[in-house]
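Please look over the sequence and the predicted model shown below.

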Amino acid sequence: MENLRSMETAIVLSVTGLRKQYGGVLAVDDVSFEVRRKEIVGLLGPNGAGKTTTISMILGVLEPTAGGIRIEGSDLATNRSHALERTNFAAAYTPLPGNLTVAQNLRIFGLLYGVRNLAERIDTLLRQFDLEGFRDVKCGALSSGEQTRVSLAKAMLNAPNLLLLDEPTASLDPATARDIRARIREFAAEGHTGVLWTSHNMYEVEEVCDRVLFLSHGKILLAGDPRQLPSDYGKDNLEELFITVAREPLTLEQA
Ligand code: ATP
């Protein structure tokens, strides 16, 4: 009983039977999965598989056609503000207001999230994301990699229990991407956060994710440990497995 309770409290995100239909397109088709505390789960799939649609529903930006989403036990449909106050995200397609400086942006989002000791929190994040030199620079004047780092700092402002990252390292150079992956891993290891991470970089996914979900045409086709799955299906690496799932899913056979 005690074990069951601790397993339940470990669940940060629970998605059940999620569907999204855009006119005649079924973008997400009966998707169910969980993300636990300390876990980094990779949401993988080819272009158009339904990753961003899934993340947008979890963020409450898109309404599901069917299915349920619970964040920290709160139902997103009926207890929206409670579900979302412990959530945050970063995505390249949602840049921060470009006419505000880095510090102004972090301050405004910090106030929106009701972050305590905000000035101190901003100082810590500027240091962790190597942004101290950009504190008073307008976000619109930053390079795309610098903007990504500000978005990640913003995503951690409220120390969220659920962190959604849509291709967080896509615009970063390899050295910065490695530092950022390490920072996010440390953040997850601190113990109260679960991370859902989309990426097209299979090397990164193998390095960072504890578990992956392969999405194709809106359905989860495979799930498991990214370091174990390739050999389970007779493939040399995750990239080969990804290409097979994307192009010839019917040929997949467990080795
Ligand atoms: P990518 O890797 O290219 O970002 P994705 O896995 O995030 O792809 P989605 O953006 O979720 O894929 O799109 C899933 C499907 O839904 C695609 O077929 C897309 O064309 C369709 N779609 C997405 N948004 C809309 C919309 N607003 N109206 C109609 N169809 C949409």
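## Helix α2 and the glycine after it

Gly-60, which follows α2, has a positive phi, near 80°. Helix α2 itself spans residues 51-58 and is mostly covered, with 7 of its 8 residues buried; here buried means under 20% relative accessible area, exposed means over 50%, and partly exposed lies in between, with a 1.4 Å probe and protein chains only. The buried residues of α2 are Lys-51, Thr-53, Thr-54, Ile-55, Ser-56, Met-57 and Ile-58. Helices (H or I, at least four residues) and strands (E, at least two) are DSSP runs, numbered from the N terminus.

## Basis of the model

This is a predicted model, in which local features need pLDDT of at least 70 and side-chain atom pairs count only at pLDDT 80 or more, whereas totals for chains, interfaces and linings use all residues. Residues are numbered from 1 along each chain as its sequence is written, and side-chain values use heavy atoms, with hydrogens and water left out.

Most residues other than glycine have a negative phi. Asp-30 has a positive phi, near 60°, and lies in strand β2 (residues 25-36). Glu-72 likewise has a positive phi, near 50°, but its place is the loop between β4 (66-71) and β5 (74-75), where Glu-72 counts as partly exposed at 29% relative accessibility.

The domain assignment of the protein chain gives domain 1 (2-86 + 161-251) and domain 2 (97-159), with bounds that come from an automatic or database domain assignment. The C-alpha centres of the two domains lie 25 Å apart, and 14 residues of domain 1 are in contact with 13 residues of domain 2, contact being heavy atoms within 4.5 Å.

Between them, domain 1 and domain 2 bury about 1,100 Å², 67% of it on carbon and sulfur atoms; buried area is the accessible area (1.4 Å probe) that two parts lose on being put together, summed over both. Ser-171, Arg-183 and Phe-187 supply 39% of the area that domain 1 buries against domain 2, more than any other three residues. The interface has 0 salt bridges, but 6 residue pairs are in polar contact across it, both residues at pLDDT 80 or more. A polar contact is a pair of N or O atoms within 3.5 Å; within protein, one must be able to donate a hydrogen and the other to accept it, and residues adjacent in sequence count only if both atoms are side-chain atoms. On the side of domain 1 that touches domain 2, β7 (162-166) and α7 (174-189) each supply at least two residues, and the largest share, 5 residues, comes from α7.

## Nonpolar cores

A nonpolar core is a set of buried Ala, Val, Leu, Ile, Met, Phe, Trp, Tyr and Cys residues joined through side-chain atoms within 4.5 Å. The largest one has 45 residues, of which Ile-40, Leu-44, Phe-129, Leu-165, Ile-184, Phe-214 and Leu-241 touch the most other members. This core draws at least three residues from each of domain 1 and domain 2. Apart from it lies another core, of 27 residues, among them Leu-43, Ile-55, Ile-58 and Phe-89.

Leaving aside neighbours within four places in sequence, Ile-184 is in contact with Ile-40, Leu-152, Met-156, Leu-165 and Trp-197.

## Salt bridges

The structure holds 12 salt bridges, each a side-chain nitrogen of Lys or Arg within 4 Å of a carboxyl oxygen of Asp or Glu. Asp-29 and Arg-19 meet in one of these (3.7 Å, N to O); because Asp-29 lies in strand β2 and Arg-19 in strand β1 (residues 11-22), the pair ties together parts that are 10 residues apart in sequence. Asp-29 is buried, with a relative accessible area of 15%, whereas Arg-19 counts as partly exposed at 27%.

Arg-181 forms a salt bridge with Glu-204, the closest N and O atoms being 3.1 Å apart. This pair links helix α7, which holds Arg-181, to helix α8 (residues 202-208), which holds Glu-204, across 23 residues, and both Arg-181 and Glu-204 are buried. Elsewhere, salt bridges that share partners join Arg-19, Asp-29 and Lys-219 into one network.
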